[in-house]
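Please keep the sequence and the structure in view while reading.

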Protein chains: 2
Amino acid sequence: MTTIHTIQQRISAAFNAEQFLYEPMRLYTPINYTLELGGKRIRPALVLLSCDLFGGDIEKAVYPAMGLEIFHNFTLLHDDIMDHASLRRGKETVHKKWDVNTAILSGDTMFVMAYDYVAKTDPILLPDVLRLFNDTARKVCEGQQYDMNFETESQVTIPEYMKMIRLKTAVLIACSLKLGALIAGALHDDATKIYDFGIELGLAFQLQDDYLDAFGDTSVFGKEIGGDIATNKKTFLNLKAFELAHGDDLIQLTHYFTDPNIPAKEKIVGVTHLYRKNNVEEATRHEIEVHFQKAKLILESLDISEDRKSEIHNLALGMVGRMK
Amino acid sequence: MTTIHTIQQRISAAFNAEQFLYEPMRLYTPINYTLELGGKRIRPALVLLSCDLFGGDIEKAVYPAMGLEIFHNFTLLHDDIMDHASLRRGKETVHKKWDVNTAILSGDTMFVMAYDYVAKTDPILLPDVLRLFNDTARKVCEGQQYDMNFETESQVTIPEYMKMIRLKTAVLIACSLKLGALIAGALHDDATKIYDFGIELGLAFQLQDDYLDAFGDTSVFGKEIGGDIATNKKTFLNLKAFELAHGDDLIQLTHYFTDPNIPAKEKIVGVTHLYRKNNVEEATRHEIEVHFQKAKLILESLDISEDRKSEIHNLALGMVGRMK
């Protein structure tokens, strides 16, 4: 069994060993910049952990795992253009540091690179691996579109929101785990189970992200609290609040989210107060727990010794209980 | 042997048989719009013609051929954002008709769709097919970057320009032909030859495009003449003119391309006159001919009966001798 620590070191080493600088430099410098920013590298870790869980050789999973990480970073790069985001991981986004054209084209190139790395797998597995990756990439695009649609839709339901985060976030977590399973030669049923585990884990992970935006600790979270509130983003918390609040609280909540003249700080404090008062914090923690428990049940159902599952279980726990 | 007419009908039928409309509609409507605009569908025709040339079953090439056409349309969609183009095939571009975010994300989705279709091939061939497609897609991105770089570079040489159009245009023509050969199970050497044929043909094709911008007939070309001149685009003609012109002509040419106050019509007439006077028209026709002859020699070197080659030869002739 390989520890999560060893796996994270292996992934760092793999990224450090690659040079992403080729000609033309104006195309590859932003790519190298993006990939050097790092991040938590959760997706490749899941690929390797899952491969190891099913008794596979993690070395065979390193390149495809890198492919998923490159794909993830490509989506962030294009999402940042669409969201007009200035910062990513504490640094200027590519379209700010360079320009929109550079961000579009460097992103497109990263997408090809992702396919390049994903394809570095046993040719026998390639059709299944490619089908999984294509299906995932397609869903991630669809999820991003639903997320953009929400900006202009007045009525978004919680099931619609859950569908969106399933597509935008959870399927890539699930794909990472299934990819590791495929490379390890896991049974079809087991590969499906670990995918379903990933879906539930991914939902819990995204809900935790929503939660931290309102209730995280700035010093740990690493970014300003309340960004989603300030920008009227439709998150689980926002939608749940409109479901739970009544009377004066509902009026106040509506006021905060419709009057553009309220200063951001006042709005964040006011909305967070209403979230707590109307049990939105509790409801969110409950929803995270529901999905995390579902994930755990699926993991338990796998016919693998418990101690082999401990590393993946611990990483999952970290993803959902994380404070940043 | 299958005629080009039959092949074009097969491709039209294949596109007509597919629905590109799924949920979310805001994502897929622009994709459907783009793919319905049609265009000449040269690349999928080349895939099928090449497959047929090497004695393959063209039915096995239809989906991968569609994949290349979808990829080509994806690149146009993103290029149009980068170039701020308003019209494509006489219709509003996606970023104009909808917005930039839609164009970015619909493009990304088309890119995944391209991989989906390209992957619909014999699993045995998939590693080679995917390697070819990844390599091509990467080069097309690099070519687009060089093209963008040229906008701000004062000194671009003709070899640099030829390298750019090789990457941006010729490799996809070459890839189309090689893809057909791979699907037909052609010998490695033959697949390489048809690729090299495609490179020369692609260069001639792009030079013809440059030529038509200045010397085409508006009523046949289907778009305004002189667009490249009006926008100071570095084309073969522009670079050749600065190489050939001396004395007063060079001064005048420089004046046309640096004084922003000259009305477009006057500039186009003046520059075209200087192009003719300094043998730029002739030099361009010569360069097209050089690459077309190289292509023909490679085609002749293939050990296949001449009459089997006639359809591909005729299409090539049409691509280079075209007036639109």
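A residue is called buried when its relative accessible area is under 20%, exposed when that area is over 50%, and partly exposed in between. The model discussed here is a predicted one.

The next topic is the contact between the two chains. Chain A contributes 37 residues to this contact, and chain B contributes 37 residues. The size of an interface is often given as the accessible area lost when the parts come together. For chain B and chain A, the area buried between them is about 3,700 Å², and 64% of it lies on carbon and sulfur atoms. Polar contacts across the interface of chain B and chain A number 14 residue pairs, with both residues of each pair at pLDDT 80 or more. On the side of chain B that touches chain A, the elements giving two or more residues are α2, α4 (62–82), α6 and α7 (126–152) of chain B. The largest share of that side, 14 residues, is supplied by α7(B).

Charged side chains also meet between the chains. There are two salt bridges between chain B and chain A. A:Arg138 forms a salt bridge with B:Asp116, in which the closest N and O atoms are 3.0 Å apart. A:Arg138 also lies over the face of the ring of B:Tyr22, at 5.4 Å from the ring centre. Within chain B, a charge over a ring is found where B:Lys97 lies over the face of B:Trp98, at 5.7 Å from the ring centre.

Aromatic rings may be considered next. A pair of aromatic rings is described by the distance of the centres and the angle of the planes. Over all chains, the count is 28 aromatic pairs. One of them joins A:Phe111 and A:Tyr115 in a tilted arrangement, 5.4 Å from centre to centre and with 35 degrees between the planes. Both residues belong to helix α6 (residues 100–118) of chain A, where A:Phe111 and A:Tyr115 are four residues apart, about one turn of the helix. Are these two residues buried or exposed? A:Phe111 counts as buried because its relative accessibility is 0%, and A:Tyr115 is buried with a relative accessible area of 1%.

Another tilted pair is formed by B:Phe20 and B:Tyr117, with 6.5 Å from centre to centre and 55 degrees between the planes. B:Phe20 is in the loop between α1 (4–17) and α2 (25–36) of chain B, whereas B:Tyr117 is in helix α6 (residues 100–118) of chain B, so the pair ties together parts that are 97 residues apart in sequence. Both B:Phe20 and B:Tyr117 are buried. Ring pairs also build a cluster of A:Phe71, A:Phe74, A:Phe111, A:Tyr115, A:Phe133, B:Phe71, B:Phe74, B:Phe111, B:Tyr115 and B:Phe133.

Salt bridges complete the picture. The whole structure holds 26 salt bridges over all chains. One of them is between A:Glu69 and A:Arg41, at 3.5 Å from N to O. Because A:Glu69 lies in helix α4 (residues 62–82) of chain A and A:Arg41 in the loop between α2 (25–36) and α3 (42–53) of chain A, this pair ties together parts that are 28 residues apart in sequence. A:Glu69 and A:Arg41 are both buried.

In chain B, the side chains of B:Glu59 and B:Arg10 meet in a salt bridge at 2.7 Å from N to O. This pair links distant parts of the chain, 49 residues apart: B:Glu59 is in the loop between α3 (42–53) and α4 of chain B, and B:Arg10 is in helix α1 of chain B. B:Glu59 counts as partly exposed at 42% relative accessibility, and B:Arg10 counts as partly exposed at 27%.

B:Lys168 forms a salt bridge with B:Asp147, with the closest N and O atoms 2.7 Å apart. B:Lys168 lies in helix α8 and B:Asp147 in helix α7 of chain B, so the pair ties together parts that are 21 residues apart in sequence. B:Lys168 is partly exposed at 22% relative accessibility, whereas B:Asp147 is buried at 8%. In chain A, salt bridges with shared partners join A:Asp79, A:Asp147, A:Lys168 and A:Lys233 into one network.

Notes
Residues are numbered from 1 along each chain as its sequence is written. Chains are lettered from A and ligands numbered from 1 in the order in which they are written. This is a predicted model: local features need pLDDT of at least 70, side-chain atom pairs count only at pLDDT 80 or more; totals for chains, interfaces and linings use all residues. Side-chain values use heavy atoms; hydrogens and water are left out. Rings of Phe, Tyr and Trp (its six-membered ring) pair if their centres lie within 6.5 Å; planes under 30 degrees apart count as stacked, over 60 as edge-to-face and the rest as tilted. Buried means under 20% relative accessible area, exposed over 50%, partly exposed in between (1.4 Å probe, protein chains only). A charge sits over a ring if NZ of Lys or CZ of Arg is within 6 Å of the ring centre and within 35 degrees of the ring normal. Contact means heavy atoms within 4.5 Å. Buried area is the accessible area (1.4 Å probe) that two parts lose on being put together, summed over both. A salt bridge is a side-chain nitrogen of Lys or Arg within 4 Å of a carboxyl oxygen of Asp or Glu. A polar contact is a pair of N or O atoms within 3.5 Å; within protein, one must be able to donate a hydrogen and the other to accept it, and residues adjacent in sequence count only if both atoms are side-chain atoms.
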